[in-house]
Amino acid sequence: MGQMRFVEKVKKYISDNQLFVQGDGIVIGLSGGADSVSLLLALNSLKEEMGLSLAAVHLNHMIRGAEADRDESFVRELCGRLGVKLVVFKEDIPKLASEKGLTEEEAGRLKRYELFEKVMREEGFTRVAVAHNSDDLAETVIFNMARGSSIRGLAGIQARRGFIVRPILVMSRREIEEYLSSIGQDYVTDSTNNETEYSRNLIRHEVLPRLAELNAGAKEHIIEVAEDVNELYDFIAEEAGKVQLIYETGNYRPASVVDDEYGNDQPVSETGDSDGQWMTGGICSRLSINIDDLEGKLRLVRYEIYLRALERLSGRRKDITRQHLGLIDGLRGLESGKQLDMPYDIRVRRSYGELVFEKKAGEAADGTVSGKKSAEGDLDGENSDVVFIDGEGEYSFCGGVFSIKVSEYTENTVIPRGDFTKMFDYDRICGKLCFRYPAQEDHIKVTEEGSKKLSRLFTDMKLDREKRKSVTVLAMGNDIIWAVGSRISEDFKVKDSTKKVMIVEYKSCRRDEDE
């Protein structure tokens with residue numbers, strides 16, 4: 001393929017997929033191989049016409065010794081000749097892989113994208129261009145099919161996801177090599193590309209050639225299917241977005257991901273991007289989905305919803321297979337309390353009318369489970385999860401603030417009706433009050449005639465068993481005066497005979513900040 005034809009085809013692909021806008025700054029991932037060299041040359045040819053600023057980034061991964069140093073020398077000479085800024089990093093990837101428990105391929109990939117983003121931010125640029133081609137796309141689809149990927153994996157590699165763009169995804173490996181040959185441009189070859197123990201190389205050197213024996217256009221047909229699936233996935237994603245994921249913890253934080261060579265999400269940093277296709281949306285430790293919201297949805301839409309929930313907890317989708325999603329889907333028809341263990345230390349439970357997704361609690365060195373302590377049987381003030389009340393004022397507990405006031409009660413006193421502001425008959429309080437978490441022997445007066453164990457009340461309310469542990473209660477011994485956010489004891493309600501009242505108002509820290 002001649003130079004003009006190659007560059008024009010890349011230019012059209014950039015325009016059709018809106019990869020750049022006039023004046024963009026582009027970081028180019030440059031390994032020195034044929035793909036990245038052709039990407040650099042094409043964008044360098046277009047930079048004046050499109051007003052682009054370019055910078056290349058190369059990682060000497062120290063995996064192949066002299067060969068890695070050869071690659072670095074090659075890209076230095078190439079960028080020097082073209083007048084393109086080059087930033088070179090040297091990282092001991094084998095050591096990093098060992099420390100992180102990753103393969104060298106995974107560790108190198110994550111480090112590359114981390115460095116691409118670092119340079120992009122430092123340069124004030126807007127895009128990172130990487131050199132995947134149409135052969136990579138076909139290989140990705142086959143690989144994801146073999147490993148049991150979701151439908152998004154069958155869409156292969158995307159032309160753009162957030163600030164990551166792939167301008168030569170439209171070009172085949174043969175076209176790239178013909179282009180470089182036509183202009184007399186050499187490149188370096190990674191010796192591991194010919195080793196079939198790597199999954200991608202096995203597909204490249206053995207699977208695709210055998211498929212071509214069945215049909216010469218097999219690769220092109222796979223790419224066409226990926227394009228169709230990508231369009232279908234857009235519909236599925238839109239439908240999945242209509243179902244709300246209910247976040248139940250306060251440690252939600254933004255996180256970002258990039259694709260690896262197989263189109264799987266990989267976390268990079270905690271920076272964000274406006275493109276929701278690239279950003280995970282955040283990482284939390286617990287969320288739920290109303291099962292009723294899933295009714296009537298296509299199975300593929302439900303699977304996408306589950307994937308999004310798992311992604312919010314782990315920051316990635318890799319290693320989540322169709323089998324995992326099918327098991328989660330099956331929980332809809334099981335009784336409350338049934339649960340599944342998923343990758344990344346995630347547990348999924350059926351809890352009444354919800355599917356609850358949560359990170360498992362960690363274990364301390366002594367084998368005890370870390371996390372929130374229970375106040376069960378520990379009401380002597382030594383438990384840090386108990387706050388005793390000593391008169392009017394403000395008391396901090398459970399990440400929020402309780403305000404307590406005592407006043408005279410008259411016929412003109414307005415009784416608050418909100419879930420988080422309650423009024424109690426102060427004269428009936430005859431013991432030490434405290435804020436704490438539920439204890440095993442707690443009970444609450446639910447009628448004038450009788451009490452009920454607090455645990456039974458929670459069951460009647462169909463309150464998730466994990467949520468029960470973190471409900472704040474206002475207690476006097478094992479007598480529950482108020483289960484915050486739900487109900488108060490009949491014994492402490494204001495009556496006509498009431499002389500003094502205690503008003504308790506709960507305000508979260510977040511609410512205080514907003515005010």
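**Charges, patches and loops**

Tutor: K11 is partly exposed, because its relative accessibility is 27%. Keep in mind that this is a predicted model.

Student: Which residue does K11 form a salt bridge with?

Tutor: The partner of K11 is E49, and the closest N and O atoms are 2.2 Å apart. The pair joins distant parts of the chain: K11 belongs to helix α1 (residues 3–16) and E49 to helix α2 (residues 34–50), 38 residues apart.

Student: And E49, how is that classed, buried or partly exposed?

Tutor: E49 is partly exposed, because its relative accessible area is 43%.

Student: Why would two side chains like that pair up at all?

Tutor: Side chains of opposite charge can pair when their charged atoms come close.

Student: How many salt bridges does the count come to?

Tutor: The count comes to 41 salt bridges. One of the pairs is K338 with E335, at 3.6 Å from N to O. K338 is partly exposed because its relative accessibility is 39%, and E335 is partly exposed because its value is 48%.

Student: What about D464, which residue does it form a salt bridge with?

Tutor: D464 forms a salt bridge with R349, with 2.9 Å between the closest N and O atoms. That pair also links distant parts of the chain, 115 residues apart. D464 sits in the loop between α13 (454–460) and α14 (465–469), while R349 is in strand β12 (residues 346–351).

Student: Are D464 and R349 buried or exposed?

Tutor: Both D464 and R349 are buried.

Student: Which residues are linked in a network of salt bridges?

Tutor: The network links D135, D136, E139, R173, R204, K219 and E220.

Student: OK, new topic. Which residues gather in the patch of negative charge on the surface?

Tutor: The negative patch consists of E224, E227, D228, E231, D234 and E238. Take E231 as an example: its place is in helix α10, which covers residues 218–240.

Student: Why does E231 count as exposed?

Tutor: E231 has a relative accessible area of 60%, and exposed means over 50%. So E231 falls in the exposed class.

Student: Which residues form the nonpolar patch?

Tutor: L232, F235 and L298 form a nonpolar patch on the surface, with about 280 Å² of accessible area together. F235 is in helix α10. F235 is partly exposed, because its relative accessible area is 40%.

Student: Let's do backbone angles. What is phi for M62?

Tutor: M62 has a positive phi of about 60°, although it is not a glycine. M62 lies in the loop between β2 (53–60) and α3 (66–82). Its relative accessibility is 36%, so M62 counts as partly exposed.

Student: And Y352, what is phi there?

Tutor: Phi of Y352 is also positive, near 55°, and Y352 is not a glycine either. Y352 is in the loop between β12 and β13 (354–359). Y352 is partly exposed because its relative accessible area is 22%.

Student: I also had D442 marked. Where is it?

Tutor: D442 is in the loop between β18 (433–436) and β19 (443–445).

Student: Is D442 buried or exposed?

Tutor: D442 is buried, because its relative accessible area is 1%.

Student: Which residues does D442 touch?

Tutor: Leaving out residues up to four places away in sequence, D442 touches R436, K453, L454, G477, N478 and I480. For G477, the C-alpha atom is 8.3 Å from that of D442, and the two residues are 35 apart along the chain.

Student: Now zoom out. How many helices and strands are there in the protein?

Tutor: The protein has 15 helices and 23 strands.

Student: What share of the residues is buried?

Tutor: Buried residues make up 49% of the 515 residues.

Student: Last one. Of the contacts between residues at least 6 apart in sequence, what share joins residues at least 24 apart?

Tutor: The share is 71%.

Conventions
Residues are numbered from 1 along each chain as its sequence is written. This is a predicted model: local features need pLDDT of at least 70, side-chain atom pairs count only at pLDDT 80 or more; totals for chains, interfaces and linings use all residues. Side-chain values use heavy atoms; hydrogens and water are left out. Patches are made of residues with over 30% relative accessible area and no salt bridge: like charges are joined within 9 Å, nonpolar side chains (Val, Leu, Ile, Met, Phe, Trp, Tyr) within 5 Å. Accessible areas come from the Shrake-Rupley method with a 1.4 Å probe; for residues, only the protein chains shown count as cover. A salt bridge is a side-chain nitrogen of Lys or Arg within 4 Å of a carboxyl oxygen of Asp or Glu. Lys and Arg count as positive and Asp and Glu as negative; His and the chain ends are not counted. The place of a charge is taken as NZ of Lys, CZ of Arg, CG of Asp or CD of Glu. Helices (H or I, at least four residues) and strands (E, at least two) are DSSP runs, numbered from the N terminus. Buried means under 20% relative accessible area, exposed over 50%, partly exposed in between (1.4 Å probe, protein chains only). Contact means heavy atoms within 4.5 Å.
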